[in-house]
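Trainee: Could we go through the aromatic rings of this structure together? I would like to learn how to read them.

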Amino acid sequence: MNTFQFATIFTNRRKQLQLTQEDIAKFIGVSRAAVSKWEKGLSYPDITILPKLAMYFDISIDTLLGYEPQLTK
């Protein structure tokens with residue numbers, strides 16, 4: 001299984017959309033420090049925030065988390 005890639009995907013998508021950490025923090029209702037910790041991989045958002053983040057970034061939750069199905073026959 002691949003490593004958890006949330007921090008990298010989150011940071012790259014934020015920069016693609018030309019958003020600041022403060023923009024994200026205000027939209028979600030958290031501190032800018034919390035967003036900074038997410039980007040550094042020091043912590044992760046609460047699971048209840050993921051749908052809102054995915055919608056804001058216009059991507060799926062799976063994409064935001066870097067999840068790819070690991071199906072076997």
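This is a predicted model: local features need pLDDT of at least 70, side-chain atom pairs count only at pLDDT 80 or more; totals for chains, interfaces and linings use all residues.

Trainee: Does Phe-6 count as buried, partly exposed or exposed?

Mentor: Residues are numbered from 1 along each chain as its sequence is written, and side-chain values use heavy atoms, with hydrogens and water left out. Buried means under 20% relative accessible area, exposed over 50%, and partly exposed in between (1.4 Å probe, protein chains only). Phe-6 has 1% relative accessibility, so the residue counts as buried.

Trainee: How many aromatic pairs are there?

Mentor: Rings of Phe, Tyr and Trp (its six-membered ring) pair if their centres lie within 6.5 Å; planes under 30 degrees apart count as stacked, over 60 as edge-to-face and the rest as tilted. By this rule, the count is six.

Trainee: What kind of pair do Phe-27 and Tyr-56 form?

Mentor: Phe-27 is partly exposed at 30% relative accessible area, and Tyr-56 is partly exposed at 26%. Their ring centres are 3.9 Å apart and their planes lie at 15°, so the pair is stacked.

Trainee: Which residue lies over the face of Phe-27?

Mentor: A charge sits over a ring if NZ of Lys or CZ of Arg is within 6 Å of the ring centre and within 35 degrees of the ring normal. Here, at 5.1 Å from the ring centre, the residue is Lys-52.
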